[in-house]
Amino acid sequence: MDFLIATHNMKKREELERILSPLGIRVLLADEIGLNLTDVEETGETFEENALLKAVSGCKESHLPCIADDSGLCVDALDGAPGVYSARFAGDHGNDAKNNEKLLELLNDVPEEKRTARYVSVCACVFPDGKQIVTRGTCEGKIGYEYRGSNGFGYDPLFYVGDKAMAELTAQEKDKISHRGKALLALSQKLKEEIL
């Protein structure tokens, strides 16, 4: 069964493939089916709203079941920021280096015990018949003082789970604990129960 994923991020695609391929789901990017997806403006105030905006649009344009996610980092000392603005925290969308610099700058005087944070991921799957499945996953951690690791993207080099940065984990280790891994596993379970 073919599903469209509404992203250009190859790392997200790889993660989706690892988790959904055992269900017989083939994950496709828009360009693989000759489609130029509309770049949906993320106007939602929650991760759920943004994920659904992207999945609904992708499903409508492709006529395929479409999976989209919205995810971000919520830092307690910053009242939940950057939240839904995680990818554009420093102004430029997707500029990981600037986003991480801004995060470290804002947390400069915050002691270790108050640097708690969580990654949140919401996956939305929308079907041509209008059916919707929405799942959420979280991963608790802390913001470190230094960059560590070369795996991952976004805030992974600064987001510590235990004594390791997310960017130090292998893909398999990350799938077991990551916010997106949890949301995708929940989505996989719901697809098994309700669709497949």
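Start by selecting Phe-127: this residue is buried, with a relative accessible area of 7%. (Buried means under 20% relative accessible area, exposed over 50% and partly exposed in between, using a 1.4 Å probe and protein chains only.) You're looking at a predicted model, where local features need pLDDT of at least 70, side-chain atom pairs count only at pLDDT 80 or more, and totals for chains, interfaces and linings use all residues. Residues are numbered from 1 along each chain as its sequence is written, and side-chain values use heavy atoms, with hydrogens and water left out.

A search of the whole structure turns up two aromatic pairs. Here's one: the ring centres of Phe-3 and Phe-127 are 5.9 Å apart with planes at 85 degrees, so this pair is edge-to-face. (Rings of Phe, Tyr and Trp, taking its six-membered ring, pair if their centres lie within 6.5 Å; planes under 30 degrees apart are stacked, over 60 edge-to-face, the rest tilted.) Phe-3 sits in strand E1 (residues 2-5), while Phe-127 is in the loop between strands E4 (116-126) and E5 (132-143), 124 residues apart. (Strands are DSSP runs of E, at least two residues, numbered from the N terminus.)

Next, pick Tyr-119 and Phe-159. Their ring centres are 4.4 Å apart and their planes at 40 degrees, so call this pair tilted. Tyr-119 is in strand E4 and Phe-159 in strand E6 (residues 159-161), so parts 40 residues apart in sequence get tied together. Both residues are buried.

Last stop: select Arg-115 and Tyr-145. The charged end of Arg-115 sits over the Tyr-145 ring, 3.9 Å from its centre. (That takes NZ of Lys or CZ of Arg within 6 Å of the ring centre and within 35 degrees of the ring normal.)

Notes:
Helices (H or I, at least four residues) and strands (E, at least two) are DSSP runs, numbered from the N terminus.
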